[in-house]
2 protein chains.
Amino acid sequence: VQQANRSHPNLLVGQSGGPTAVINSSLVGVVDAAVAAGVRGVYGMRGGIQGALEGNLIDLGAQSPAVLASLRQTPAAALGSCRYKLRPDDPERVIDICRRHGVGYFVYIGGNDSADTSHRIAQAARDSDYDLRVVGVPKTIDNDLPITDHCPGYGSIARFLAFATRDAGLDTESMRRVDPIKLIEVQGRNAGWIAAATALGKRDDRDAPHVIYVPERRVDLDTVLVDVETIYRRIGFCVVVVSETLRDVSGQPLGSDEADVDSFGHRRVAGAAQFLAERITHHLGVRARFDKPGTIARMSMAMASPVDLAEAYQVGRAAVTALVREESDKMVTLVREQDTPYTCTTGLAPLTDIANSEKLLPDAFLSADGRMISDSFRAYANPLIGEPVPGAMRLADIPVHRG
Amino acid sequence: VQQANRSHPNLLVGQSGGPTAVINSSLVGVVDAAVAAGVRGVYGMRGGIQGALEGNLIDLGAQSPAVLASLRQTPAAALGSCRYKLRPDDPERVIDICRRHGVGYFVYIGGNDSADTSHRIAQAARDSDYDLRVVGVPKTIDNDLPITDHCPGYGSIARFLAFATRDAGLDTESMRRVDPIKLIEVQGRNAGWIAAATALGKRDDRDAPHVIYVPERRVDLDTVLVDVETIYRRIGFCVVVVSETLRDVSGQPLGSDEADVDSFGHRRVAGAAQFLAERITHHLGVRARFDKPGTIARMSMAMASPVDLAEAYQVGRAAVTALVREESDKMVTLVREQDTPYTCTTGLAPLTDIANSEKLLPDAFLSADGRMISDSFRAYANPLIGEPVPGAMRLADIPVHRG
C-alpha cells in the first residue's frame with residue numbers, strides 16, 4: 001500500500017451498473033490523469049463498491065502503458081461491475097477502507113444509482129470528518145442522466161443500432177415476400193433515447209425504422225396493429241422499433257406478466273417485441289419476426305463511436321482535474337458548445353442533482369405523433385455516433401424493366 | 001427488350017432465400033462479368049423466381065457503375081428475394097419468359113432450395129429443346145451446401161458473431177455479480193456452422209463461449225443445467241451459445257411447442273435460448289439473460305468479412321465464365337487451395353449434387369464432447385472472417401492488489 005497524507009492522497013476508482021463499449025476508456029482517463037497529477041496510489045475496485053466492501057482492490061497505477069492502451073480497446077467494465085444498493089452502515093465502511101489505504105480521491109463511474117452511491121459516500125466522509133473528495137463520472141447507454149448533454153456509452157449503442165436498423169430495413173425489404181414485418185427490441189429503461197437513435201440512418205418514409213415506440217408514450221395493442229398494417233399496405237414491409245419497457249395505456253408493460261425487480265426497485269421487463277410479433281402475425285396473416293440484440297448492442301467494440309470513445313476518456317480525466325481542484329460531491333457533465341461543427345467540453349454538477357433522477361426524451365425530439373424522431377433529435381444525436389450512417393441502394397431505387 | 005439470338009444470348013439473374021451481407025456482391029460480379037463478356041441484355045428478377053413469374057424484371061446492364069459500386073456496399077438482396085417452391089407448370093413458364101426476352105443464360109444466387117429450382121429450370125429447357133444454360137451461385141449464412149468448401153455469406157455472419165461473442169464474454173464477466181449467465185441464440189437451420197463460429201475469438205477456458213450446443217448433437221435439459229452449473233461454479237460466469245434449432249434427445253426442438261413450416265417443409269423454430277434462460281435462472285438461482293441477434297447478425301455491412309465480400313463477387317463472375325464456356329446445370333463452388341496463407345479458387349459441381357442436400361458440421365470440427373470447436377475448425381474458419389478477433393484485457397488478467 002502506498003502511504004499517503006493529506007497533501008498526497010491516493011485514488012480509488014470503480015465501475016458500476018451495466019457496462020458499455022467505452023467505460024474502460026473512462027477508467028483509463030482517470031488512471032492517466034491521476035498518474036500525471038502525481039497520485040502515487042491508484043486503486044481499482046474489483047466489482048464496484050460491492051467488491052471494495054469485500055476488500056477487492058487492484059493496483060491500477062502499477063499497470064503498464066500497454067495494458068492501459070489495450071483497456072481502451074476492451075469493451076465492458078474491466079474492473080467488474082455491480083448493482084449494489086448501499087446498506088446503512090456501508091458508507092462508514094467505505095470510509096474505513098479509504099482511511100486504511102490513504103485514499104483521498106474517490107471516483108465512481110456509473111449512472112443514476114451510482115451517483116446516489118457516490119453522494120452517500122461523500123456525506124459519510126463529511127459526517128466522520130474524513131477528507132475524501134468524491135467525483136462521479138457519467139456512464140449509461142440509456143442516456144437518461146439529467147444536466148449532462150449526453151452520457152458516455154450512448155453514442156456507441158446509438159451507432160450500433162443506427163447501422164443495424166438501416167441494414168434491417170434492407171433485409172426486410174429483400175424478404176418482404178416471406179417475412180415482411182420486423183420488430184427490433186431495444187433497451188432504454190424508462191427513456192426512449194436508444195429507440196430514437198435507431199432512426200439516425202433514415203432518409204425518407206421508405207427507410208427503416210417505419211415506426212418507433214418509446215416508453216415515454218403509452219400505446220395500446222390496437223394502435224400498433226393499425227400503424228403496422230397501414231405501413232405494410234403502403235410499402236409492402238415494415239420495420240418497427242420497440243422499447244423493451246413499452247407500456248400500455250394502463251401503464252402495464254406490453255406483453256409481460258412478470259414483475260422482476262432489481263435491488264434498486266427497477267422493474268425488469270422483457271418480451272414486448274415477441275408479444276407484438278405474435279399479435280401482428282395473427283392480425284395481418286403474414287409473418288412478423290423479431291430481433292433482440294440485447295447486450296450485444298451495448299458492448300460492441302468494433303461498432304463503437306470514435307466520438308464516444310474520446311469523450312469517455314475525457315470525462316475520466318476531467319474527474320481527476322476536479323478532484324485536484326478540491327471539488328467534491330459532484331459529477332462530471334458533458335457540455336455541448338455547438339452542433340456544427342460539433343464541439344463539447346466538460347462541466348460539473350452536484351451529485352444530488354443527478355442521483356435517482358432521470359431525463360426522458362423531450363417532446364421536441366419526437367414527431368408530433370410521438371412515433372418518429374424530429375430534426376432537432378437528429379441534430380442532437382448525429383454528432384454522437386461519430387459518422388453518418390451511409391446511404392444504401394434500395395430495391396425501390398432501381399427502375400423496373402418494361403419488357 | 002434487347003433482341004438476342006443463339007450467339008448473343010441475354011442473361012437473367014435472381015437472388016433467392018435469406019439475404020446475407022454479401023449477396024449483392026455476387027450480383028454485381030454476375031453483371032460485371034456479363035457486360036465484359038458482351039452480353040447485351042442483363043436482366044434481374046425482382047423478387048426471385050416468384051417475381052420473374054410475375055413479369056417483374058429489372059434492366060441491370062443499364063445501371064451506372066456508381067449504382068453497381070454502391071450495391072457492393074449494400075447488404076441484403078437488392079433485387080428482392082423469395083422462398084418459392086416451383087409448381088409443376090412453373091419451369092415451363094420460366095422457359096417462356098426466357099424465350100420472350102432472348103435469355104440464354106440463367107443465374108440463380110441461393111442455397112439448397114435455389115439449386116433445386118435452378119436444376120428444374122435446366123431440365124425444363126432440355127425438355128422443351130430451348131437453349132438455356134443454367135448456373136447457380138452459392139449463398140447461405142448456414143454454410144450447409146455440400147461440395148463447396150464454404151458458402152458466401154457465412155464468413156460475414158461468422159465474423160459478426162465471433163466479435164460479438166468475445167464482447168459478450170467481457171460483458172458477462174463484468175456483470176457476473178448481477179447477471180452471470182448469458183445465452184446467445186444463433187441461426188444455422190440443421191447445421192452448427194454458425195454456432196461454431198462464435199468460438200473463433202476464444203483463446204482459453206476463460207474466454208467466451210464456454211459451451212456451444214449445435215443441432216447435430218441432441219441434448220437434454222439436465223445436461224445443459226449440469227454444464228452451465230459446472231462452468232459457473234468454476235469461473236463465476238458462463239456464456240452459452242445455442243443453435244435456434246437445438247433438439248432434445250427425443251428429437252423435439254428445445255423449448256418450442258410450435259410446428260411452423262415454410263413452403264419447403266422446413267420447420268421454423270424459435271425459443272431455445274429463452275427457454276434455457278428461464279430454466280437456468282430457476283435451477284441456479286441467479287439471473288440468466290439471453291440475446292437473440294437474429295437477422296441483425298446476417299446483414300451487417302459494417303461487420304462484413306472482406307474475404308467474404310471478395311469471394312461473393314468472385315463466384316458471381318465465375319458463373320458467367322462457366323455459362324460462356326457452355327456449362328449448364330451446375331453450381332459454382334469455392335475450392336480451397338491452402339489454409340496458410342489462405343488461397344481459394346472456384347470450381348463447378350452438378351446442381352443435382354447440391355439441391356436439397358445439406359452438409360452438417362463434421363465430427364472432426366468439434367471437441368470430443370461435441371460442445372466446443374476443434375483446432376481443425378479454427379484452421380478452416382479463421383481465414384473466412386478476414387482477420388483474427390483481437391484479444392482483450394480481462395478482469396482475471398489484472399493482478400489483485402494485496403493491501
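1. In this predicted model, strands E7, E8, E6 and E11 of chain A form an open sheet in the order E7-E8-E6-E11, with parallel pairing. Strands pair if DSSP finds at least two bridges between them; strands (E, at least two residues) and helices (H or I, at least four) are DSSP runs, numbered from the N terminus. The edge strands of chain A, each pairing on one side only, are E7 (211-213) and E11 (288-291). From one strand to the next, the twist averages 20 degrees.

2. Strand E6 (residues 181-186) of chain A runs parallel to E11(A) and is joined to it by four bridges. Leu183(A) has Phe290(A) as its bridge partner in E11(A).

3. Two helices of chain A pack on the sheet, with contact meaning heavy atoms within 4.5 Å. Helix H6 (residues 154-174) touches E6 and strand E8 (238-243). Helix H9 (residues 272-284) touches E6, E8 and E11. The direction of H6 makes about 165 degrees with that of E6(A), and for H9 the angle to E6(A) is also about 165 degrees. Axes are lines fitted to C-alpha atoms, for helices over the stretch in contact, and angles run from 0 to 180 degrees between N-to-C directions.

4. Chain A superposes on chain B by a rotation of 180 degrees with 0.0 Å of shift along the axis (RMSD 0.0 Å), by least squares on C-alpha atoms of residues with pLDDT of at least 70 in both. That is the relation of a two-fold axis. In chain A, the C-alpha of Pro293(A) is nearest the axis, 2.1 Å from it.

5. The copies meet through the same surface, because 100% of the interface residues of chain A are also interface residues in chain B.

6. Residues are numbered from 1 along each chain as its sequence is written, and chains are lettered from A in the order in which they are written. Local features need pLDDT of at least 70, side-chain atom pairs count only at pLDDT 80 or more, and totals for chains, interfaces and linings use all residues, while side-chain values use heavy atoms, leaving out hydrogens and water.
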